Amino acid sequence: MSPLFSSLFLVFSFISPILVSADRQDPHNVVLEVQRSLNKSRRNLGSLSCEIGNPIDDCWRCDPDWDKNRQRLADCAIGFGKDAVGGKHGEIYVVTDSSDDDAVNPKEGTLRYGVIQDEPLWIIFERDMVIKLKEELIMNSFKTIDGRGASVHIAGGPCITIQYVTNIIIHGINIHDCKPAGNALVRSSPEHFGYRTMCDGDGVSVFGGSHVWVDHCTLSNCADGLIDVIMGSTAITLSNNYMTKHDKAILLGHNDSYEKDKNMQVTVAFNHFGEGLVQRMPRCRHGYIHVVNNDYTEWGMYAIGGSANPTIKSQGNRFLASDNRNSKEVTKHEGAPKSEWKNWDWSSEGDLMLNGAYFVESGVGARSSYVKASSVEARPSSDVSIITANAGALACRIGARC
Ligand SMILES: *[C@@H]1O[C@H](CO)[C@@H](O)[C@H](O)[C@H]1NC(C)=O
C-alpha cells in the first residue's frame, strides 16, 4: 500500500467505534467528514505525518520505541493538569501479581504494593490482567500507572482513590464495574494504614488531590461516578478517555456550600462520551472547567451541567443529540432559579451542534485569562472525530508505534 493509503486505512480502522456508536448519522457522511478533517490535519501538519492534531498523542505515539521511553509521556500532558509528573525519574515497577488479598500488608509484585510506596514509581504490567481489588486502591504521591503494552482491567471491586496526594498519572487502564467496599483497614503508605469507612464505588475518586492526569482510560458501569473530583482538588486533566454505559459520569466539586472548590481548575479534553451515558459529562460546582474538543455521541438527560456558579468554557466539541425531543439541550443549570444562574459564566465557542443539540449560554462568558491558563488551544470541531478516534485504552505493541 502507498503510505497515503496505509495511513488512511489506519485512520479508518481506528474510527470504527465511532461509526458504530454514531448510528444516527449517515455513516457515509461521517466518513466524508473524517476524510475532510484528515486532509485538513495533513495540510496543517505536513504530509504523511503520523500526527493527527491531538497534542497529547502527537507528543509520544509516533515513537516506535515508546516502550523504552515510557516516561516521555509525563511531558505530554496539556491543560490544568499539565504539570502532573507522576512517577517521572522514578524506577520502573512491574506488576507481576494480579491478586489483592491483603490491603494492609500487600505482597510485593501487586499493584497495591507499588502505589503505596513513598518514592516516585512508574508502574507497568508484565502481562494482561484483571485486578479485582479487595479494598480501594489508595495511592501515594508521584506515581504513574501505565497500562501500555498490556490489557489491564481494574474491575469488579472497589477502584482508585487519589486522596490528599499529588502528581498522579493514570494511563491506559480499563476501569469498570467498580463496587463499594470499606469498613476495613487499608494501607496508604509504608508507614501508615488506617480504618476506611465505606467508599461509594467510583472509578477514580480524587479527594483533595492535585496535579492529576487521567489519560486514555476506558471507563464504564460503576456503582457511583466514573470520575469524581472533590474536596478542594485542583490542577486536573481528564483526556482521551472513552466512557460508556453509566448514569453519572464525571462530578467536579463536592457540594454547593464547599467553598474550597472555588479554586478548582479542570480540563476535560479529547474524550469520547459514548453509548449509554445519561448525565454529568461533567457536572460542575464552583471552579473553572475547560471542556475542549470532546466527542459527545450520547446523553440521556444532559451533557454539561452544574450548580453553585461554576465557570464553564466549552470549545470545539461535537455534540450529537439523540432523537428524543426532550434531551436536545447540552446544558443543565441546576440548584438555582434562572434569575440567579443567568449570571453564571457558561459559554460555547466553535462547538458543532448536531441533530438539534443546543447549548444555553449564561453570564458574560469565561474570562480569557483562565482559558489561557488551561493551555489547550481548541482545534476546529470538524477535527474532533479524528482527535478522539482512539479515546480509551490503546492496544500498544512493544516495538511498534502505539
Ligand atoms: C458540604 O460538605 C462539607 C464537607 O463534607 C460538609 O461539612 C457540609 O455539611 C456539606 N454541606 C451540605 C449542604 O451538604
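The dialogue below walks through a predicted model, one feature at a time.

Trainee: What share of the contacts between residues at least 6 apart in sequence join residues at least 24 apart?

Mentor: That share is 65%. Two pairs show what such a contact pattern can look like on the scale of single residues. Phe 80 and Thr 237 are 157 residues apart along the chain, yet their C-alpha atoms are separated by 5.8 Å. Phe 80 has its place in the loop between helix H3 (55-60) and E1, and with a relative accessibility of 7% it counts as buried. The other pair is Lys 245 and Leu 277, which are 32 residues apart along the chain and have C-alpha atoms separated by 5.3 Å.

Trainee: Where is Lys 245 found, and which residues does Lys 245 touch, not counting residues up to four places away in sequence?

Mentor: Lys 245 sits in the loop between strand E17 (242-244) and strand E18 (246-248). Setting aside residues up to four places away in sequence, Lys 245 touches Ser 220 and Asn 221, together with Glu 275, Gly 276 and Leu 277.

Trainee: How do I read a nonpolar core, and which residues have the most contacts inside the largest one?

Mentor: Look for a set of buried nonpolar residues joined through their side-chain atoms. The largest nonpolar core here has 65 residues, and Leu 111 and Phe 125 are those with the most contacts inside it. Strand E2 (residues 121-125) gives the most to this core, contributing three residues. Another core lies apart from it and has 24 residues, including Trp 60, Trp 122, Leu 394 and Cys 396.

Trainee: Which residues does Phe 125 touch, not counting residues up to four places away in sequence?

Mentor: With residues up to four places away in sequence left out, the partners of Phe 125 include Val 94, Val 95, Leu 111, Ile 131 and Ile 145. Asp 146, Gly 147, Ala 150, Val 152 and Ile 173 are also touched by Phe 125.

Trainee: Now for charged residues: how many salt bridges are found, and what is the idea behind them?

Mentor: Side chains of opposite charge can pair when their charged atoms come close. A search of the whole structure finds 18 salt bridges. One of them joins Arg 72 to Asp 75, with the closest N and O atoms 3.7 Å apart, and this pair counts because the cut-off is 4 Å. Arg 72 is partly exposed at a relative accessible area of 38%, and Asp 75 is likewise partly exposed, at 44%. Glu 126 and Arg 127 form a salt bridge with closest N and O atoms 3.4 Å apart, and Arg 127 counts as partly exposed at 37% relative accessibility. In a further salt bridge, the side chains of Lys 262 and Glu 259 meet at 3.1 Å, N to O; Lys 262, at 41% relative accessibility, is partly exposed. Salt bridges also link Asp 67, Arg 70, Asp 146 and Arg 148 in a network.

Trainee: Is Asp 100 buried or exposed, and what does the side chain of Asp 100 reach at 2.7 Å?

Mentor: Asp 100 counts as buried because its relative accessibility is 6%, which is under 20%. Asp 100 lies in the loop between strand E1 (91-95) and helix H4 (111-115). Its side chain makes a polar contact with the side chain of Arg 112 at 2.7 Å, and the side chain of Asp 100 also reaches the backbone nitrogen of Lys 134 at 2.7 Å. Not counting residues up to four places away in sequence, Asp 100 touches Arg 112, Lys 132, Leu 133, Lys 134 and Glu 135.

Trainee: Finally, which residues surround the ligand?

Mentor: His 254, Asn 255 and Ser 257 surround the ligand. An oxygen atom of the ligand is 3.0 Å from an N or O atom in the side chain of His 254, and an oxygen atom of the ligand is 2.4 Å from an N or O atom in the side chain of Asn 255. For Ser 257, a nitrogen atom of the ligand is 3.1 Å from a side-chain N or O atom. The ligand has 360 Å² of accessible area on its own, and the protein covers 35% of it.

How values were computed. Residues numbered from 1 in each chain as written. Predicted model: local features only at pLDDT ≥ 70, side-chain atom pairs only at ≥ 80, totals over all residues. Heavy atoms only, no water. Buried < 20%, exposed > 50% of the residue type's maximum accessible area, 1.4 Å probe, protein only. Near = heavy atom within 4 Å. Polar contact = N/O pair within 3.5 Å; in protein donor to acceptor, adjacent residues only side chain to side chain. Areas by Shrake-Rupley, 256 points an atom, 1.4 Å probe, with all protein chains shown as cover. Core = buried A, V, L, I, M, F, W, Y, C linked by side-chain atoms within 4.5 Å. Helix = DSSP H or I, 4+ residues; strand = E, 2+ residues; numbered from the N terminus. Contact = heavy atoms within 4.5 Å.
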